[in-house]
Amino acid sequence: MFSFPHYLFSLRHSLPFSILLFPLSLALTRLFVHTKRVSDELKVYLNSSCNLNYCTQLVEYANVTTDLEVYLTGPKVKVWIGTEYTTRALSELITPEEKILTSDYSPVLVTKAVKDETERRILKEAHVRDAVAVMQLLLWLENTVPKGHEDELTAAHFVNEKRRAQKNNRGPSFETISASGPNAALAHYSPTNETYRKLSVDEMYMVDSGGQYLDGTTDITRTVHWGKPTDFQKEAFTRVLMGNIEISRTIFPANTRGVNIEMLGRRALWEVGLNYGHGTGHGVGNYFGVHEWPVGFQTNNIPFEEGMFTSIEPGYYKEDDFGIRIEDVAVVVPAETKYGHNYLTFETISLVPYDRKLIDTSIMSPQQLQWLDAYYKKIRSIMGPELDRQGLKAEKDWMMKNTEPFVRAGAPTILSSFTLTLLVLCRALLQHLS
C-alpha cells in the first residue's frame, strides 16, 4: 500500500509504559521499555527466532523520542499510528505531514483482535478448564456457606487455588471480585481485610473472576443465592439474564458495531425502569489483556468481525442491598440465515450454568428459554467428559442437576397472552353452547 509503512503503537495494556516500532519488513523491530523490568526469560523469548536482523531490539523507554527522530530522517519513511494509543508528544514528532498515517487504532492492534483458527481453538480449551474451577467454587460454597464459616476473601482464595491447579494456568487475570450483599452493589469491589463480609444464605453473592492460561485469558461472572431470594431479586436477575441472552443470540450484519446492539442487553431492564452504570462487554485476548481493546460495545470500539472474542456482561445494582452481574465470553461466528449472507452471531464459550433459583421463567420468551436449554445442552456435552477426565464426580453431579432443561421434551410451547385469551374465549363459548 505504501513504500515503507511502519507501525508505532503503545503496549500500555500488556507491558507497562512500552512503545513498539514495528517495521513492515519485520527487520529491526524496537521495543522501548524499562529494560531492567524485563526478565531474562522474556529477553530470550523475544529473540528465540532471530534470523539475521529479524529480532526484537530492547531499547530504554527514555530513548523513544530521540530514536524516533533519527528514524524519521530515513528516506521514504512513513509511520502509521493509532491515535487512541499513541501519545501526542510522539505523534507530533512525525513530520512533515506526508510521513504520518493515522487511524483510530493501530492496524497491529486491530489485526490482533481477530483470532486465527488456532487461537480460537485454544482459547475455547482454556475456558473449559476454567469452568471446572468455577464449578468447584460454586459447589463448595453451596455446601459450606450454610455452615457459616466462609467469607468473601476465602471464596476468592479458593477459586484462585482451583484455577492454579488447572493445566497451563499462570494465575488470575485480574483481582477477583468476590462480593456479598451490599458489597456486590459496588460493581468493581474487591474484598480486603478491612471490608470483607461473611457469606450468608440470606444474601446474594457475586463472583467476577478470571485466569491467565498459556492458551487463553478468561473472565466470567456468576451471581447466586443460597437461601430464599425475594421476588424483586429474582425478577432483576432474570431480566439481567434476558439481556445476556438477547445479545448472545442476536444475528447481525458483518461490520456492525457493538454500540448498535448494546441496548439489547438493557432492554429487559429498561422495560421496568432498571439499568446499570457500566459497559456491556470488552475484548478478551490469548494469554494477554483481559480487557483487550478495541473490541466491545462502546462508541469507540471497532465493528465486529468473525474471530473476535468479547465479554457480554449486563448487570443490576441496588445500592446498599445487592448486586447482579452475569458475564460470559463469546466468540463472533458466522450465522446461518434464510436469505442474507455475511451475517454474524455470538457463540458463548463460558461454560458454567446460572443459578436456577434466581430464574423466573414466566417472564422469559420461548426463544430465550430455547437458547438457554441449548446452552445447557452444550455445557453438558463439553463439561461432562472434562469433569469425568479430572475425576470430579460431585462436580459433574452438580453440573447435571443445574443444567436440566427448562422446556421439557414434548411439553407444549409457552403460549402468548393473545393465544391464552383466545383459548379462554373458546372454552367459554363451548360451555355456553353446551
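User: Does Arg325 count as buried or exposed, and at what relative accessibility?

Analyst: This is a predicted model, in which local features need pLDDT of at least 70 and side-chain atom pairs count only at pLDDT 80 or more, while totals for chains, interfaces and linings use all residues. Residues are numbered from 1 along each chain as its sequence is written, and side-chain values use heavy atoms, with hydrogens and water left out. Buried means under 20% relative accessible area, exposed over 50%, and partly exposed in between (1.4 Å probe, protein chains only). Arg325 therefore counts as buried, at a relative accessibility of 1%.

User: With which residue does Arg325 form a salt bridge?

Analyst: A salt bridge is a side-chain nitrogen of Lys or Arg within 4 Å of a carboxyl oxygen of Asp or Glu. For Arg325, the closest N and O atoms of the pair are 3.9 Å apart, and the partner is Glu313. The pair links distant parts of the chain, twelve residues apart, with Arg325 in strand E16 (residues 322–325) and its partner in the loop between E14 and strand E15 (315–318).

User: Which parts of the chain does the salt bridge of Glu306 with Arg120 tie together?

Analyst: The closest N and O atoms of Glu306 and Arg120 are 3.3 Å apart. Glu306 is partly exposed at 36% relative accessible area, and Arg120 is partly exposed at 21%. Helices (H or I, at least four residues) and strands (E, at least two) are DSSP runs, numbered from the N terminus. Because the two residues are 186 apart in sequence, the pair ties together the loop between helix H8 (267–270) and strand E14 (309–312), and helix H5.

User: What is the distance between the closest N and O atoms in the salt bridge of Arg266 with Glu262?

Analyst: Arg266 and Glu262 are both buried. The structure holds 24 salt bridges, and Lys112, Lys115 and Glu292 are linked in a network of them. For Arg266 with Glu262, the distance between the closest N and O atoms is 2.7 Å.

User: At roughly what angle do the axes of helix H5 and helix H6 cross?

Analyst: Axes are lines fitted to C-alpha atoms, for helices over the stretch in contact, and angles run from 0 to 180 degrees between N-to-C directions. The axes of H5 (residues 117–144) and H6 (residues 152–164) come within 8 Å and cross at roughly 145°.

User: How many nonpolar residues does the contact of H5 with H6 have?

Analyst: Contact means heavy atoms within 4.5 Å. Asp130, Ala133, Val134, Gln136, Leu137, Trp140 and Leu141 in H5 meet Thr154, Ala155, Phe158, Val159, Lys162 and Arg163 in H6. Ala, Val, Leu, Ile, Met, Phe, Trp, Tyr, Cys and Pro count as nonpolar, Asp, Glu, Lys and Arg as charged, and the others, Gly among them, as polar. By class, the contact has two polar and three charged residues, and the nonpolar ones number eight.

User: In which strand does His225 lie?

Analyst: His225 is buried, with a relative accessible area of 1%. Not counting residues up to four places away in sequence, His225 touches Val201, Asp202, Glu203, Met204, Gln233, Asp355, Lys357 and Leu358. His225 lies in residues 220–225, which form strand E12.

User: What percentage of the 434 residues of the protein count as buried?

Analyst: The protein has eleven helices and 18 strands. Residues 24 or more positions apart account for 66% of the contacts with a separation of 6 or more. Of the 434 residues, the share that count as buried is 50%.
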